[in-house]
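Q: I have a model open and want to go through its contacts with you. Can we take it piece by piece?

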Amino acid sequence: MEAVPARARAYVACVAAAALLCLLPLSAVRNNGWAPALLAVLYAGCEQAAARWRFTGTFCPVLLAAAFLLPPPAAALVALPGALLSPVERRPRGLRRIWRAAQLVVSVWAAARVHGATGGRAAVEASDFPYALLPAGIAVLVFCLVLSALDGGILALADRIPVRRAWRGLFLRSLAPVAVHGLAGLMMAVLWRSPYGPVAALLVLLPMAVSWWVFAQYHRERAAHQATIRALVQAVDIKDEYTRGHSERVGQASMMIARELGMEDDRIEVLRFAGILHDVGKLGVPTRLLRKDGPLTPEERRVIELHPEYGHEMVRGISFLGEARAAVLHHHERLDGSGYPYGLVGGQIPESARVVAVADAFDAMTSTRSYRRARPVGAALEELERCAGSQFDPRMVTALVRALARHGWHPAVTADETDEAGVPSPRPSVAGRPGARR
C-alpha cells in the first residue's frame, strides 16, 4: 500500500501520540531496574526469530508477562524496541513500524493498568497462582479488545472497509491464541517473582517457542499446498477459456454443501479442494477439442470424457488431498449408473464425488457459456431437484438448496465473463459443446 490515505495517517499519528503518553512518567521505568530492559530485549529477539521463521503474528507471552510484572509505563516500553526493529515487507515500512509499535504500546499499557487495578500485581508478587488467574484473565481480555479495536480502525480508514465489516470477528478470532499466550505470560510472571527468579521464567518460553515453530511449519506447508492447487487451476483456466473461473466457483459451492451437511472443518477444506480441482484432467485433453467451435464427434466426446481419469492420475500422488482424489475421478458418475468413467451406481459413488457433482452442475447452469445464457439460481435448483435420485444425490441437492436459502450465491466473476459495465456478456452460440445438456 504505497499511498496511505491522509485520514489513516492522522489515525496512526493519534495512536502514536497516545503511545507516547503511555510511556510517561519515565520514573516508573527507572524504578524497576533492569527488568524492563531484559524483557524488551527478550521480546525483540522473539520477533526477530518469528521473522526468520516467516511466521506472522506477535509473540504475546513476553508482552503479557511485562503487563503482569511491571507498572503500565514500564510494561508498555517492553513492546517498543521489538516492534520498531521487526522486519516489514510492505511499504511504507516506516509508517507500518510506527503503527505496530504504537498499537502494542497502548494495548500493553491498558492491560497492565487493568491488571494492577484488579489486584493482580500483588497476587503475582506473592506467587499466589490460583488467585492471580482472574486479574490476568481480565487483563488478557482488555489487551485483546484494545488490539482488535485499533486494528479495526486502521482497516476502516486505510483500506476503506465499511466500519461494521472492519471490526467484525477481529476480537473473537484473536481471543483464543491471546488467551493461551496470556497463560504462558502469567506463568512467566509468577516464576519471575518466585525464589527461582527470571531464569526459571525464561524456561516457560521453550515449549512455547517449539509450538510456535511447529505452527509456522504447518502454515508454510499449507501455503505450499495452496500454491500447488492454484497453479493447477490456472493451467486449466488458460487451456479451457470457456469455463474460466468455474473451478473456484465449484469449490465454493462444494464447501457450502459440506458445511450444510455438518462436516468437520478439515473435511470441508478437502471438499473445497475437490471442487477446485475436479476438472484438472482437462490438461490431458487436446486443446483443439476443448475449444472446438462445432459439434463433437462421438470419438472426440469419448476423449473428453477421459478427463476424470487424467485428473486422478495427476493428483493421486498428492497426499494432502485425501478423498478429493476420489471426487476428481468420479464427479461425472450418476446414481442410475449412466455416468462415466466407470458407470458406478448409488452408494458405490464416493460421497465427495456426489457433493462435487451437484456443485459442478449448479455452476454450469448458472454461468454464462458460449452456447447459452446463464440460468437463474431458482431455475437451476429446480432442475437439480428434478434430477435428484436419478443423476444427483438428493441429500446433496437438499443441502445446496438450504445453504443458498441461508447465504445466497455470490460467486467471484472473472473478467472475461463480463462486459465493461460489469454485466455478464454472451459469447457467440456454439452447438454441441460438452456440458450443454446434463
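Q: Asp 393: buried or exposed?
A: Asp 393 is buried, with a relative accessible area of 10%. Buried means under 20% relative accessible area, exposed over 50%, and partly exposed in between, with a 1.4 Å probe and protein chains only.

Q: Before we go on, what kind of model is this, and how are residues numbered?
A: It is a predicted model, where local features need pLDDT of at least 70, side-chain atom pairs count only at pLDDT 80 or more, and totals for chains, interfaces and linings use all residues. Numbering runs from 1 along each chain as its sequence is written, and side-chain values use heavy atoms, with hydrogens and water left out.

Q: Back to Asp 393. Which residue does Asp 393 form a salt bridge with?
A: Arg 354, with the closest N and O atoms 2.7 Å apart. A salt bridge here is a side-chain nitrogen of Lys or Arg within 4 Å of a carboxyl oxygen of Asp or Glu.

Q: How many salt bridges does the structure hold?
A: Twelve. Another one joins Glu 351 to Arg 267, with the closest N and O atoms 2.5 Å apart. Glu 351 is in helix α19 and Arg 267 in helix α14 (residues 265–277), 84 residues apart. Arg 267 is partly exposed, at 28% relative accessible area.

Q: Which residues are linked in a network of salt bridges?
A: Arg 267, Glu 323, Glu 351 and Arg 395.

Q: What about Arg 316 and Glu 313?
A: Their side chains meet in a salt bridge, 3.5 Å from N to O. Arg 316 counts as partly exposed at 48% relative accessibility. Glu 313 is partly exposed too, with 47%.

Q: Let's look at α14. How many residues, and what reach?
A: α14 has 13 residues and reaches 19 Å from its first C-alpha to its last. That is close to the 18 Å expected at 1.5 Å a residue. The expected span is 1.5 Å times one less than the number of residues.

Q: How many residues of α14 are buried?
A: Ten of the 13, so α14 is largely enclosed by the rest of the structure. Among them are Ile 268, Glu 269, Arg 272 and Phe 273.

Q: And α13?
A: α13 covers residues 246–260. Its 15 residues reach 21 Å, close to the 21 Å expected. Eleven of the 15 are buried, so α13 is also largely enclosed by the rest of the structure. The buried ones include Arg 249, Val 250, Met 255 and Ile 257.

Q: What comes just after α13?
A: Gly 262, which takes a positive phi of about 80 degrees.

Q: Which side chain does His 246 contact?
A: A polar contact of 2.8 Å joins the side chains of His 246 and Asp 360. The cut-off is a pair of N or O atoms within 3.5 Å; within protein, one must be able to donate a hydrogen and the other to accept it, and residues adjacent in sequence count only if both atoms are side-chain atoms. His 246 lies in helix α13 and counts as buried at 2% relative accessibility.

Q: Switching to rings. How many aromatic pairs?
A: Three in the whole structure. One is Trp 34 with Trp 192, tilted, at 6.1 Å centre to centre and 35 degrees between the planes. Rings of Phe, Tyr and Trp (its six-membered ring) pair if their centres lie within 6.5 Å; planes under 30 degrees apart count as stacked, over 60 as edge-to-face and the rest as tilted.

Q: Where are those two tryptophans?
A: Trp 34 is in the loop between α2 (27–30) and α3 (35–52), and Trp 192 is in helix α10. They are 158 residues apart. Trp 34 is exposed at 54% relative accessible area, whereas Trp 192 is buried at 8%.

Q: What about Phe 362 and Trp 409?
A: They form an edge-to-face pair, 5.1 Å centre to centre with 75 degrees between the planes. Phe 362 lies in helix α19 (residues 351–366) and Trp 409 in the segment after α21 (394–407), so the pair ties together parts that are 47 residues apart in sequence. Phe 362 and Trp 409 are both buried.

Technical notes:
Helix = DSSP H or I, 4+ residues; strand = E, 2+ residues; numbered from the N terminus.
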